[in-house]
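Reader: I would like a close look at one part of this model, the nonpolar core and what surrounds it. Please take me through it step by step.

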Amino acid sequence: AACSDLAIVSWNGTRSPPGAPLAANEVAIHFQVRNNGPLAYRAPDENKQWISLVLDMPTGPTAIGVNVLPPSGSGPVTLARGLDWRGHVRATLPAGFTRRSHPPARLQLNFAPASAGWTPPRDCNIANNRVNVVLR
């Protein structure tokens, strides 16, 4: 069946994201999310899909940074096949962790649960919705 496929296609840990310089306990990851599916991705607004930076803490996965998609979006969202969104996830590390000493980290795509007027998309390939990352 035809579907859209939001995919994390590239990432890079960065020490120089847009905006204020990183504090000693902050990290930033540049990301690129592309629609690899045959259909356009559509959602009523930017709060239906987001990318998060997750640490696998001893207590379980913990999102330490979140960015809605598209990063500069407002209102209805459409991403045609082959097009992408680029942006940064900026996060503060939990106490006791550093850029070089932290639990495993990953970027992860998330979709809001079904609600009135919204059904999460059928994703052609969920394997490309998360990727392990290295913090710098």
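Author: In this predicted model, the largest nonpolar core holds 27 residues. Val33, Tyr41, Ile51, Leu53, Trp85, Leu107 and Leu135 are those with the most contacts inside it. Two or more residues of this core come from each of strands E1 (6-14), E2 (26-35), E3 (41-43), E4 (49-57), E6 (77-79), E7 (84-92) and E8 (105-111).

Take Leu107 as an example. Leaving aside residues up to four places away in sequence, Leu107 touches Ile8, Trp11, Ile29, Phe31, Ile51, Ser52, Leu53, Val89, Asn129, Arg130, Val131 and Val133.

Now to strand E4, where Leu55 lies. Leu55 counts as buried because its relative accessibility is 0%, and the cut-off for buried is under 20%. With residues up to four places away in sequence again left out, the contacts of Leu55 include Gly60, Pro61, Thr62 and Ile64. Leu55 also touches Leu93, Pro94, His102, Pro103, Pro104, Ala105 and Leu135. For one of these residues, Pro103, there is a distance to compare with the sequence: Leu55 and Pro103 are 48 residues apart in sequence, yet their C-alpha atoms are 5.9 Å apart in space.

The partner of E4 comes next. Strand E5 covers residues 60-68 and runs antiparallel to E4, with eight bridges joining the two. Within this pairing, Trp50 stands opposite Val68 in E5. Two residues separate E4 from E5, and the two strands form a hairpin. Of the residues that Leu55 touches, Gly60, Pro61, Thr62 and Ile64 fall in the range 60-68 of E5.

Notes: Residues are numbered from 1 along each chain as its sequence is written. This is a predicted model: local features need pLDDT of at least 70, side-chain atom pairs count only at pLDDT 80 or more; totals for chains, interfaces and linings use all residues. Side-chain values use heavy atoms; hydrogens and water are left out. A nonpolar core is a set of buried Ala, Val, Leu, Ile, Met, Phe, Trp, Tyr and Cys residues joined through side-chain atoms within 4.5 Å. Buried means under 20% relative accessible area, exposed over 50%, partly exposed in between (1.4 Å probe, protein chains only). Helices (H or I, at least four residues) and strands (E, at least two) are DSSP runs, numbered from the N terminus. Contact means heavy atoms within 4.5 Å. Two strands pair if DSSP finds at least two bridges between them.
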